[in-house]
Amino acid sequence: MFTENTSYVVLLLDHIKSNRYETIKKKSFLHLRLVFVGILLTVHLATSNKLVCHMTNWAQYRPSSAKFTPDNIDPFLCTHVVYALATINSFNQITTIEWNDQELYGSLNSLKNYNPALKTLLSVGGSVNGVSPFISMVAKPEGREAFIKSAISFLRANSFDGLNLAWEYPGHNGSPPQDKERFTLLVTELSKAFEDDAKDNKKTKLLLSVNAAAIPATIERAYEVNKIALHFDFINVMTYDYHGHWEPVTGHNSPLYRSSVDSGSKLHYNINSSVSYWLTLGAPADKLLLGFPTYGRTYRLSASADGLGAPSNGPADAGPYTRTAGFWAYYETCDFTNSATVGWISEQEVPYATYGSAWVGYDDKRSFSSKVQWLTRNNLGGAHVWTLDMDDFSGSFCSEGEYPLINHLRMSMGFGPKPTTTPRPTTTRDPIGDFCRGRPDGLYENVADKTSYFQCFQGNTYLHRCQPGLIYWDSCKCCNWP
Ligand SMILES: *[C@@H]1O[C@H](CO)[C@@H](O)[C@H](O)[C@H]1NC(C)=O
């Protein structure tokens with residue numbers, strides 16, 4: 001898409017470096033504009049190149065327009081999609097949770113027919129009778145071996161590109177202290193087995209990632225960071241759930257910095273402290289992905305104060321779609337903010353909203369932008385989003401288009417225009433349905449309307465639209481400035 005552009009810009013940057021800026025100044029305004037945008041793209045591309053999006057297999061049970069399945073995923077929105085959640089059975093083998101997981105795996109992985117660059121990972125975690133199944137699995141070498149073997153064949157059989165470990169957390173919630181070392185063994189053995197599998201079967205190596213703790217004390221107790229970090233392709237630092245209705249005063253779900261009401265260990269309950277700690281322990285910056293929540297955490301105010309640190313007593317009412325007291329999806333919050341008073345917590349660079357006794361600390365486009373600036377400054381490997389299904393994925397709630405938060409995140413990170421804005425090509429089949437009959441798979445210009453173009457896939461015709469302001473160029477098979 002923007003690769004053409006980028007190499008052009010790199011060329012011009014070389015000119016700048018060799019003091020030939022004069023020649024550039026003479027170029028047309030259009031070129032300069034491309035250079036400026038291109039420089040931004042190039043700088044971002046060099047550092048933050050992953051946008052990993054989680055989806056949950058329980059979002060299929062939400063009512064009406066909040067019901068979410070992999071068919072709702074825009075195949076060009078994220079670089080990676082993580083399917084949550086699978087678990088581990090009593091034989092230490094990876095296994096499904098929902099009755100229709102296998103079918104949903106199929107729909108998710110068929111998105112790669114539209115975007116072959118998309119990578120998918122299966123996340124394993126959860127709990128069985130209240131305890132993590134990781135605990136007994138990691139305890140013995142045979143347990144780990146059975147798990148690893150089952151994971152490789154399961155991922156391959158279901159066309160996943162990798163595995164995501166979602167154990168919350170080694171050394172916590174019934175897991176003994178020695179699980180910190182056992183987790184290192186598991187990760188080391190998994191990484192080795194993935195290498196061997198790739199070599200033996202001449203396949204692309206499976207990816208390995210982890211959903212990792214954000215609170216320094218938890219990190220310290222759970223991980224041998226310097227021993228595990230290199231084995232992961234990326235580490236999803238869960239930089240959210242810092243504060244919630246379990247506390248006696250309001251606090252933000254995912255603040256960038258400490259606030260003046262924080263004290264004691266709460267001084268570290270923020271993104272800046274969490275990621276700094278991971279870096280201090282030796283995690284390479286480019287392995288770390290910053291977590292972006294598409295939900296907020298709610299409180300019920302118990303006095304007249306309604307700012308940060310205001311007395312509260314439990315959660316606000318459950319959202320009508322997520323139906324769980326304590327958090328609201330972005331598409332529930334955007335409705336609330338129509339009537340609520342919205343505030344900006346400037347020291348933490350995040351918004352909150354309050355109406356009556358309800359209070360929510362959430363994320364919007366502005367806070368996502370602040371966090372992208374932070375992750376870019378710190379050369380992190382990119383972003384991960386919890387979750388696709390809590391953004392306004394259909395665009396039917398917030399009047400901001402489909403996936404307003406994640407599309408904004410994508411754009412802020414410097415990714416180029418998407419080749420499509422239509423998430424489900426099968427349902428957007430163009431009336432000129434015969435265009436692709438007999439044509440090879442690929443992209444074709446729509447002579448009748450330059451702001452759109454055709455994608456042919458297996459003889460079927462799909463009409464895609466460029467982002468506003470852009471038109472399709474067949475020379476680069478991409479949308480670009482007119
Ligand atoms: C962010 O973290 C760094 C490293 O711990 C610290 O030096 C800095 O003061 C923090 N910034 C803010 C605004 O809290």
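Predicted model: local features only at pLDDT ≥ 70, side-chain atom pairs only at ≥ 80, totals over all residues.
Two strands are taken as paired if DSSP finds at least two bridges between them.

**First stop: strand β13**

Select residues 358-361, which form strand β13.

Next, examine the turn. β12 and β13 make up a hairpin, and 2 residues lie between the strands. Gly356 belongs to this turn and has a positive phi of about 60°.

**Second stop: strand β9**

Keep β13 in view and select residues 295-300, strand β9. β9 pairs with β13 in the antiparallel sense, over 4 bridges. To see one position in detail, show Tyr299 together with Trp359 of β13, which it stands opposite.

Proceed to residues 365-377, helix α12, and residues 404-412, helix α13. How do the two helices lie relative to each other? Their axes come within 10 Å and cross at roughly 30°. Because angles under 35 degrees count as roughly parallel, α12 is roughly parallel to α13. The crossing of α12 past α13 is right-handed.

Finally, display the side chains where the helices meet. On the α12 side, select Lys365, Phe368, Ser369 and Val372; on the α13 side, select Leu405, His408, Leu409 and Ser412. The residues of this contact comprise 4 nonpolar, 3 polar and 1 charged.

Key:
Residues numbered from 1 in each chain as written. Axes fitted to C-alpha atoms, helices over the stretch in contact; angles between N-to-C directions. Parallel < 35°, antiparallel > 145°, perpendicular 65-115°, else oblique. Left-handed = near helix turned anticlockwise from the far one by under 90°. Contact = placed C-beta atoms within 7 Å. Nonpolar A, V, L, I, M, F, W, Y, C, P; charged D, E, K, R; others polar.
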